[in-house]
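Let's take a friendly walk through the aromatic rings of a protein model. Have the sequence and the 3D view ready as you read.

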Amino acid sequence: MKISYGHQFIAPRDIKEVVKILRSDWLTQGPQIKKFENALAHYCGAKYAVVVSSGTAALHLAYLAAGLKKGDEVITTPNTFVATTNMLLAVEVKPVFCDIRLDTYNIDETKIEKLINKKTKAIVPVHFAGQPCEMEMINQIAQKNKLLIIEDSCHALGAKYKNSRVGGCKYSDMSVFSFHPVKSITTGEGGAILTNNECYYKKLLLFRSHGTFKDKNGKNVMVQFGYNYRLTDIQAALGLSQLEKLENFIKKRCQIVGWYVEGLKDCRDIVLPRELPHNHSSWNLFVIRTTEEKQRDRLSGYLKKMGIGVNFHYPSVCSHPFYKVHGYGKNNCPMEDEYALTTITLPLYPLLSKDEVNHICRIIKEFYER
Ligand SMILES: *Cc1c(COP(=O)(O)O)cnc(C)c1O
């Protein structure tokens with residue numbers, strides 16, 4: 001049995017919606033974009049949504065709209081996809097890495113404040129694997145020190161923190177999502193920025209489309225620097241149709257996590273992920289940790305040999321050769337270092353069956369009983 005680590009769920013209805021757009025007048029810059037944005041903003045409980053061509057583009061535009069610039073510093077987590085910090089580098093901002101908590105693998109909010117200095121402009125928490133960060137405390141720190149908060153919510157569409165939906169921006173200035181096929185919903189490539197701030201919203205719209213807008217006479221006028229980071233109507237139609245299934249996707253993911261926990265609860269050699277009581281994770285990833293460092297590569301090698309698509313989320317951003325060369329190799333993040341050497345991501349996606357999960361659990365137990 002071969003099992004991949006992630007897979008999208010495309011229903012016949014999704015295909016029908018996409019084909020409808022292919023037969024329509026607008027492949028891009030048509031009515032589907034606004035519809036998708038309204039649906040996203042409504043679902044998350046934010047005033048505004050701007051959809052763009054990827055999560056990475058969304059991060060880039062959020063940083064630009066926030067006014068981050070050369071010489072600024074931003075505090076974030078090393079346990080994230082490189083795009084979070086690559087886009088900081090794109091606006092010539094220095095990422096400052098804060099250690100993680102070993103229970104949630106999110107940024108350790110108690111270690112943020114000592115990293116703040118005069119250059120610090122923002123905090124970028126990443127809701128790792130779909131579990132929200134401690135936003136109340138992060139928000140208090142930001143208010144006290146006059147910092148912005150931009151959430152990297154790429155794993156967390158559908159997650160809730162203390163009964164508020166991630167993306168509603170109750171504790172932040174902007175929240176960024178991705179619609180890559182391994183995320184909660186997909187548009188192939190795609191992303192979004194949500195905000196309650198009209199000023200950011202207007203800037204984001206301009207940045208997305210060459211810095212231009214249509215004036216009263218329908219003429220394109222360029223008023224600021226900008227890009228083409230637009231999503232197509234084809235993708236927006238897929239996104240709208242996918243969004244209708246989001247609640248079911250999350251329910252299914254929770255159910256699969258339940259199967260894993262049941263199957264692995266007696267296995268003393270691995271640590272299962274922990275969800276804080278006030279959180280509802282969107283369960284984008286299911287990560288386990290080996291209690292011994294040297295077992296991680298052996299166990300993941302065994303799983304791979306048995307046809308199971310495992311992955312690592314994430315090697316510390318600082319550990320990539322590029323970041324090392326640019327002086328980020330030495331950081332004071334001992335929890336992250338321990339985490340990165342012991343973590344394995346197991347397959348998790350709505351199409352995964354109970355038999356497949358049981359099969360994976362059996363292989364893990366077999367590994368330790370050999
Ligand atoms: C997926 C992801 C991104 C980037 O999104 P893309 O749509 O692939 O560009 C950024 N940050 C995190 C945490 C992600 O998981």
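Start with a group of five names to find: F81, Y105, F128, Y314 and Y339 are linked into a cluster by ring pairs. Rings of Phe, Tyr and Trp (its six-membered ring) pair if their centres lie within 6.5 Å; planes under 30 degrees apart count as stacked, over 60 as edge-to-face and the rest as tilted. This is a predicted model, so local features need pLDDT of at least 70 and side-chain atom pairs count only at pLDDT 80 or more, while totals for chains, interfaces and linings use all residues. Residues are numbered from 1 along each chain as its sequence is written, and side-chain values use heavy atoms, with hydrogens and water left out.

How many aromatic pairs does a search of the whole structure find? The search finds 18. One of them joins Y105 and F128 edge-to-face, with 6.4 Å centre to centre and 75° between the planes. Y105 lies in the loop between β3 (94-97) and β4 (120-124), and F128 in the loop between β4 and α5 (135-145), 23 residues apart. Helices (H or I, at least four residues) and strands (E, at least two) are DSSP runs, numbered from the N terminus.

Now look at Y302 and F367, a tilted pair at 5.8 Å centre to centre with 40° between the planes. This pair links distant parts of the chain, helix α9 (residues 293-305) for Y302 and helix α12 (residues 354-369) for F367. Y302 and F367 are buried.

Notes:
Buried < 20%, exposed > 50% of the residue type's maximum accessible area, 1.4 Å probe, protein only.
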